[in-house]
Amino acid sequence: MSLRPWRDIVRRPSRQIMVGNVPVGGDAPVTVQTMTNTPTSDPVATIDQIRRCEDAGVDIIRVSCPDVESTAALKQIVRASRVPIVADIHFHYKRALEAADAGAACLRINPGNIGSAARVKEVVDAAKANGCAIRIGVNAGSLEKDLLEKYGEPCPEALVESAMDHIKLLQDHDFHEFKVAVKASDLFLAVAAYQQLAEAVDCPLHLGITEAGGLIGGTVKSAIGMGSLLWFGIGDTIRVSLSAEPEEEVRVGFEMLKALGIRNRGVRVVSCPSCARQGFDVIRTVQKLEERLQHIRTPLSLSVLGCVVNGPGEARETDIGVTGGGNGRHMVYLSGVTDHHVEDAGMVDHIVRLVEAKAAEIEAADEAAVLGAMAAE
């Protein structure tokens, strides 16, 4: 048991699959995904968007492949991408075959929706031949008619039964490199379906609250739904579905994992909501800092507190802290200890330099530790 057992999260045991060179499930880190919204048939625009997502830290990216022009461009996209590409396929089994041949690391399909048993076998054979994983994507908005007739409406049991039917189609062909999603825009429905599915299967689970909404509303819904599941150890890869640019989905996904202590990347900002006691404009300062520190990938913490009520206490728990003082003069803390003052003018620039220096220090220490371990072997 850890020193703070109330923070412990015990992951649901699952078998591990590979999506390209990225492990999903088992003891692998929970990965963050997104999906491009450019026409996949336009490889230049799609690659540009993938680059922005890579800069935000994405682990896996999905692209839609609705037509032959998209799968024709896929080979160029896969070659340019630094992260594995998932090809999103609906109904047209030939697109799945083309995508597998083009180098997709994973096919997002529902086996039952792509035609006859012979076609399913063709897709599975193509996946095996090209080392592709498969993601079964069940969605409450597109459940099979027979299940809707059986249950009367989308419900957890219907989503899980659909997933199990699709899983069987793959297992019948001795294919086991798959992960499963049972998404719904109703977060209660999605959470209940994932809970039931987690009990029934040992494969990795792809979490999502589908059609969650805009940046703020969708983030809240996703955080409640996926956060609840992740807190109880359910979920191996996530996609935050927002009506926002895909790089924003990536940032929200990492913030969710950071809040739960599941994965740390970049700067974790602890900041107050601001009040009349503030010694500087907290809201604008935090906005500027978050924007200017997006390039930092090394995990570290920064507290930005407007006054001395809670500021010193929070600063003691973070790598770098700043607490508002009087007459435009504020206290800076390094590793929890008061270090020096900073004036209003240039404060943001000063904090950015401190964070960049701390990140470089941590990276150098990590590299030295790795080299030391290698030398000791």
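**Note on the structure**

1. The structure holds 20 salt bridges, a salt bridge being a side-chain nitrogen of Lys or Arg within 4 Å of a carboxyl oxygen of Asp or Glu. This is a predicted model, in which local features need pLDDT of at least 70 and side-chain atom pairs count only at pLDDT 80 or more, while totals for chains, interfaces and linings use all residues. Residues are numbered from 1 along each chain as its sequence is written, and side-chain values use heavy atoms, with hydrogens and water left out.

2. One of these salt bridges joins aspartate 236 to arginine 12, with 3.5 Å between the closest N and O atoms. The two residues are 224 apart in the chain: aspartate 236 is in the loop between H8 and S10, and arginine 12 is in the segment before strand S1 (17–19). Helices (H or I, at least four residues) and strands (E, at least two) are DSSP runs, numbered from the N terminus. Aspartate 236 is buried at a relative accessible area of 1%, and arginine 12 also counts as buried, at 10%. Here buried means under 20% relative accessible area, exposed over 50%, and partly exposed in between (1.4 Å probe, protein chains only).

3. A further salt bridge, at 3.3 Å from N to O, is formed by the side chains of arginine 52 and glutamate 247. It links helix H1 (residues 43–56), which holds arginine 52, to helix H9, which holds glutamate 247, across 195 residues. Arginine 52 is partly exposed at 37%, whereas glutamate 247 is buried at 11%.

4. Arginine 263 and aspartate 59 meet through their side chains at 2.7 Å, N to O, in a salt bridge. Arginine 263 belongs to the loop between H9 and S11 and aspartate 59 to the loop between H1 and S4, 204 residues apart. Arginine 263 is partly exposed because its relative accessibility is 21%; aspartate 59, at 13%, counts as buried.

5. Strand S5 (residues 85–88) directs Ile85 and Ala87 one way and Val86 and Asp88 the other way, and all are buried. Strand S4 (residues 60–64) runs parallel to S5 and is joined to it by four bridges; two strands pair if DSSP finds at least two bridges between them. Serine 64 stands opposite aspartate 88. On the other pairing, S5 and strand S6 (residues 106–109) are parallel over three bridges, with valine 86 opposite cysteine 106.

6. Which residues of H8 are buried? They are Gly218, Ser222, Gly225, Met226, Gly227, Leu229 and Leu230. Their cover includes helix H7 (187–200), strand S9 (206–207), strand S10 (237–239) and helix H9 (246–259), where contact means heavy atoms within 4.5 Å. By contrast, isoleucine 216, which lies in helix H8 (residues 215–231), is exposed because its relative accessibility is 69%. After H8 comes glycine 233, with a positive phi near 85°.

7. Two residues other than glycine deserve a check of the backbone. Most residues other than glycine have a negative phi. Serine 274, however, has a positive phi of about 80°; it lies in the loop between strand S11 (267–271) and helix H10 (282–292) and is partly exposed at 25%. Asparagine 327 has a phi near 55°, also positive. Asparagine 327 is in the loop between strand S13 (320–323) and strand S14 (329–334) and, at 83% relative accessibility, counts as exposed.
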